[in-house]
Amino acid sequence: MTRRGLLAVIPLLLLFLSAACDKRQQTPDVAAAVDEAVGPIVLHASLQDTLSPAFLQALRLEKVEGLNVKYLSGQEAHYFAYVADPDAVLRAVVHTAFSKHVAVADTVCRRIDPRALTMLAQPLHATELAAGAFFWEADITAFEVYECVRGPIRHTLLISRATRNVLHRVEFSA
């Protein structure tokens, strides 16, 4: 092989070697496997410790208790139920601060098809589904469903305009 032919082959060899040595393609997601095997722990949570004081002031909420479902991977979700003005809740979520360096952030809360909740629930561990049963098993015909991504935080809201009941899931990505 000529020197010129060898120089043309070297970049191809390097490309094949780097692809063969890329462990990300060959190793399963260890964190997800551990989360599935071990499952999350369920802890007490308060809305005051989860969201900003401005959020609570905007809604005129006092002490709201809920659940924190925490995985070993760092993923966690908080579940709350409270009574508030539906439009004020949506405005408060949209005005929740987030870092200017995040790749994705919604400027509005968008209404989603209630059937999307089934898809959101599919990857969740049975422990989380049981702990958040009041959210996941709510009579969806009585609620409007909204989603809002604020950086690493995803808000999923079930809002009843008739009763002003709000079921609020706050998911934190690791």
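Q: How exposed is Arg164?
A: Arg164 is partly exposed, with a relative accessible area of 38%. Partly exposed lies between buried, under 20% relative accessible area, and exposed, over 50%, with a 1.4 Å probe and protein chains only. The model is a predicted one, in which local features need pLDDT of at least 70 and side-chain atom pairs count only at pLDDT 80 or more, while totals for chains, interfaces and linings use all residues. Residues are numbered from 1 along each chain as its sequence is written, and side-chain values use heavy atoms, with hydrogens and water left out.

Q: Where is Arg164, and what is its phi?
A: Arg164 sits in the loop between β6 and β7. Its phi is positive, about 65 degrees, although Arg164 is not a glycine.

Q: And Arg60, buried or exposed?
A: Arg60 is exposed, at a relative accessible area of 75%. Arg60 belongs to the loop between α5 and β2 (65–70), and its phi is also a positive value, near 55 degrees, in a residue other than glycine.

Q: Stepping back, how many helices and strands are there?
A: The protein has nine helices and seven strands. These are DSSP runs numbered from the N terminus, with helices being H or I of at least four residues and strands being E of at least two.

Q: What share of the residues is buried?
A: Of the 174 residues, 40% count as buried. The protein exposes about 10,700 Å², of which carbon and sulfur atoms supply 61%; the areas come from the Shrake-Rupley method with a 1.4 Å probe, and for residues only the protein chains shown count as cover.

Q: What part of the contacts comes from residues 24 or more positions apart?
A: Such residues account for 61% of the contacts with a separation of 6 or more. A contact means heavy atoms within 4.5 Å.

Q: Why is helix α6 described as largely enclosed?
A: Seven of the nine residues of α6 (residues 86–94) are buried, so the helix is largely enclosed by the rest of the structure. The buried residues are Pro86, Ala88, Val89, Leu90, Ala92, Val93 and Val94.

Q: What covers them?
A: The cover of the buried α6 residues includes α5 (53–59), β3 (76–83), β5 (144–150), β6 (153–159) and β7 (165–172).

Q: Which residues of the largest nonpolar core touch the most other members?
A: They are Leu47, Phe55, Leu59, Tyr82, Val89 and Leu157, in a core of 26 residues. A nonpolar core is a set of buried Ala, Val, Leu, Ile, Met, Phe, Trp, Tyr and Cys residues joined through side-chain atoms within 4.5 Å. Two or more residues come from each of α5, β3, α6, β5, β6 and β7, and α6 gives the most, with six residues.

Q: What does the second core include?
A: The second core is separate and has 16 residues, among them Tyr79, Ala116, Leu124 and Leu158.

Q: How many aromatic pairs does the structure hold?
A: The structure holds four aromatic pairs. One of them is Tyr79 with Phe134, edge-to-face at 6.3 Å centre to centre and 75 degrees between the planes. Rings of Phe, Tyr and Trp (its six-membered ring) pair if their centres lie within 6.5 Å; planes under 30 degrees apart count as stacked, over 60 as edge-to-face and the rest as tilted.

Q: Where do those two partners lie?
A: Tyr79 is in strand β3 and Phe134 in helix α9 (residues 133–136), 55 residues apart, so the pair links distant parts of the chain. Tyr79 is buried at 0% relative accessibility, whereas Phe134 is partly exposed at 35%.

Q: Which residues make up the aromatic cluster?
A: Tyr79, Phe134, Phe135 and Trp136 form one cluster.

Q: Changing topic, how many disulfides are there?
A: There are zero disulfides, a disulfide being a pair of cysteine sulfur atoms within 2.5 Å. For Cys109, the nearest cysteine sulfur is that of Cys148, 3.4 Å away, which is too far for a bond. Cys109 is buried at 13% relative accessible area, and Cys148 is buried at 0%.

Q: Lastly, what does the side chain of Glu147 contact?
A: The Glu147 side chain makes a polar contact with the side chain of Arg154, at 2.8 Å. A polar contact is a pair of N or O atoms within 3.5 Å; within protein, one must be able to donate a hydrogen and the other to accept it, and residues adjacent in sequence count only if both atoms are side-chain atoms. Glu147 lies in strand β5 and counts as buried, at 8% relative accessibility.
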